[in-house]
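Dear colleague,

Please find below the structure that I am handing over to you. My notes on what was found in it follow.

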Amino acid sequence: MAAAAACCIALAASACTDSPSHGGDESIRTDVFVTAYTWFDNTPPGSTVISHPVLHKEAGGTGTYTDPVTIAVGHSRKTGQDVLDIPSGTRIYLPDVRRYFIVEDTCGDGPKPEEGPCHTGAEKYGDATLWIDMWIGGKGESQSFVRNCARKATGVGTAIFNPKDNYQVASGHGVIHDGTCDTGYGQKASAK
């Protein structure tokens, strides 16, 4: 499964009325189920392939505003077109990892991704109404280390859509860097 990401639960129709849009005013959500995808479980496994490149040709990024990390969201093919739940290019700031992200990938494979992760299912995780899946990488690390990092980064929390460019950014290249899993900063965003 290529990465999972933003999901509006009330997707029975075709549009996500509560999903953040690309551009526009900053929007803070505290009901977002955030998961992580890695080098090991991307589609195809052992790759950095992404479905909707914007700034990157493959999954990556440092996490700064100018070089946000790839994030995946749910999508649907009900109309015959591949429609993302959150438009590609939308920036998102996640305080718990102190990094900026950009929608460049989708979660859910196959002919009916709208029946799978990210597009549906967030409601199963507490009070979540939206599901996004951040790229954490992991190439060159042990699979168990990467899995444990993904678990640490998973949970319902705060996500800031269309964020300002002045939030604190943790040092290091991405969530997994220099043999560390850089998460656990909490759900409150702080300015630089």
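In which sense do strand 1 and strand 8 pair, and over how many bridges? The two strands, strand 1 and strand 8 (residues 155–161), pair in the antiparallel sense over six bridges; two strands count as paired if DSSP finds at least two bridges between them. Helices (H or I, at least four residues) and strands (E, at least two) are DSSP runs, numbered from the N terminus.

Before the details, a word on the basis of these notes. This is a predicted model, in which local features need pLDDT of at least 70 and side-chain atom pairs count only at pLDDT 80 or more, while totals for chains, interfaces and linings use all residues. Residues are numbered from 1 along each chain as its sequence is written, and side-chain values use heavy atoms, with hydrogens and water left out.

Strand 1 and its partners

Phenylalanine 161 of strand 8 is the bridge partner of serine 27. Strand 1 also pairs with strand 7, in the parallel sense and over seven bridges; there, methionine 134 is the bridge partner of alanine 36. Nine of the twelve residues of strand 1 are buried, so the strand is largely enclosed by the rest of the structure. Buried means under 20% relative accessible area, exposed over 50%, and partly exposed in between (1.4 Å probe, protein chains only).

Aspartate 31

Aspartate 31 lies in strand 1 (residues 27–38) and counts as buried because its relative accessibility is 17%. Its side chain makes polar contacts with the side chains of arginine 29 (2.9 Å) and threonine 129 (2.4 Å). A polar contact is a pair of N or O atoms within 3.5 Å; within protein, one must be able to donate a hydrogen and the other to accept it, and residues adjacent in sequence count only if both atoms are side-chain atoms. Leaving aside residues up to four places away in sequence, aspartate 31 touches Asp127, Ala128, Thr129, Leu130, Val156 and Gly157, where contact means heavy atoms within 4.5 Å.

Lysine 139

Lysine 139 is found in the loop between strand 7 and helix 1 (143–153). With a relative accessible area of 62%, lysine 139 is exposed. Lysine 139 and tryptophan 39 are 100 residues apart in sequence, yet 5.6 Å apart in space, C-alpha to C-alpha.

With kind regards
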